[in-house]
Amino acid sequence: MTLLSVAGTDVTVALRDGETILGGLHRAGYSARTGCLRGGCGICKVDLVEGTIGYAERVADTVLTPRERADGVILICRAVPEADAVIAPRADFRLRCVAPFLAALARR
Amino acid sequence: MTVLRMGYVHARVTDLARAKDHYANTLGLYPTLETDDKIYFKGWDEWDHHSVVLEEGGVGAVKFGFKVDSAADLDGIEKRAQQFGDCTVTRMSKGENLEVSDGLRVYLGCIDHTFEFYHSMTEVGLEVGTHNPDAFPRHLIGIGAPMLDHALLIGEDIDTAARFFMEVTGFYTTERAQTDLSDKSQNIAYWLSSMQKVHDIALLKGENGKLHHFAFQMRDWNDILHAADIFSMDGVPIDIGPTRHGITRGETIYFFDPAGNRNETFAGGYTSYRDRPTIIWTADQLAKGIFYHARELKESFTAVYT
């Protein structure tokens, strides 16, 4: 189990094994700006400020360039944290709680 | 000058095995050839060897193929393309695309997309045969998509690209979206047809070289709903739908393949004619034009492409 936190918010989600960042956020009742959900459009990029992540699926270099990868840019729809992780949302990340009861469940 | 239809889409995918599972098991296309880095598919109601080519590495479109009626049509397209100017035209030889005849390759720099025109492809036949056929194959897989329908491409100078398709390849504009009805209006999108489908290709103003989606022709609204059910079963991300378009009147679902390329299932739409008046949509009504029921644009539809 790894913990995902969103910098600048009080959002912390305990991720299940193999769960993507977005999968954990959705399960915990949160919504964020996303696109194809397949790692192909790059809309859901955020910066990883702590921790490490891996991808269970291939992500094209045209979507996430080697430079971006080196700089810690990740796709939340595909990224699976390998250790407790903190992500820094970008201005248009639009994180919001859409299901408070799920957020309460995830906090227990 | 007769372009019969969009015959194939050649797209990139990040993982060929994942893609094969989606296109074969969820969409129900028939794999007809596999090489080290490509898979070729056809739908059950198609007779030519393939309508989809997937190549491993990256995402987005490689090129689009249009089938013409005869080899002589290629000469006309070549001549008019050279007269047209704003494009690069080269002859391609038989076999350069597996199972495809010789033809023409046209690169339109104005939208950064490549198109190929060919006169024949190895015929493998309808899945129901041609002699006293049944209405559909008994054991379709997934949504059982019958055939490729159209593609929507994105590019900067769609006016020049649309002019190419009309002046060089004989397409006509079934519908167009523009900023307003004034003399200074700018075009936002074109829907172009070569025969009687409501569109074979659509062009949207935006980033050069991008693919918005390619679509498969479904029989009717029932099949669209059924397709959406299958997508939920298979964990396919649905972008929009099932719903109806104001533009083309088509019934639709937008969804994403495993690499993030947008696919569409498209049914209905009206039969078009070359002399049918062009339908105009203005920007203030564009949301209704695109999503006839929600009447609100969704960012994932307008800002997401490969």
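How many residue pairs are in polar contact between chain B and chain A? In this predicted model, the count comes to eight residue pairs, with both members at pLDDT 80 or more. On the chain B side, helix H1 (16-26) and helix H6 (299-302) each supply at least two of the residues that touch chain A. Sorted by class, the side of chain B that touches chain A has nine nonpolar, seven polar and five charged residues.

The contact as a whole takes 21 residues from chain B and 18 residues from chain A, and the two chains bury about 1,300 Å² between them, with 49% of that area on carbon and sulfur atoms. Charged side chains also meet across the contact, where five salt bridges are counted between chain B and chain A. A:Arg94, for example, forms a salt bridge with B:Glu299, and the closest N and O atoms of this pair are 2.7 Å apart.

The crossing of H2(B) and H3(B) is right-handed. From H2(B), the residues that make the contact are B:Arg80, B:Ala81 and B:Phe84, while H3(B) contributes B:Thr160, B:Arg163, B:Phe164 and B:Glu167. Taken by class, the residues of this contact between H2(B) and H3(B) divide into three nonpolar, one polar and three charged.

Key
Residues are numbered from 1 along each chain as its sequence is written. Chains are lettered from A and ligands numbered from 1 in the order in which they are written. This is a predicted model: local features need pLDDT of at least 70, side-chain atom pairs count only at pLDDT 80 or more; totals for chains, interfaces and linings use all residues. Side-chain values use heavy atoms; hydrogens and water are left out. Contact means heavy atoms within 4.5 Å. Buried area is the accessible area (1.4 Å probe) that two parts lose on being put together, summed over both. A salt bridge is a side-chain nitrogen of Lys or Arg within 4 Å of a carboxyl oxygen of Asp or Glu. A polar contact is a pair of N or O atoms within 3.5 Å; within protein, one must be able to donate a hydrogen and the other to accept it, and residues adjacent in sequence count only if both atoms are side-chain atoms. Helices (H or I, at least four residues) and strands (E, at least two) are DSSP runs, numbered from the N terminus. Ala, Val, Leu, Ile, Met, Phe, Trp, Tyr, Cys and Pro count as nonpolar, Asp, Glu, Lys and Arg as charged, and the others, Gly among them, as polar. A crossing is left-handed if the near helix is turned anticlockwise from the far one by less than a right angle, and right-handed if clockwise.
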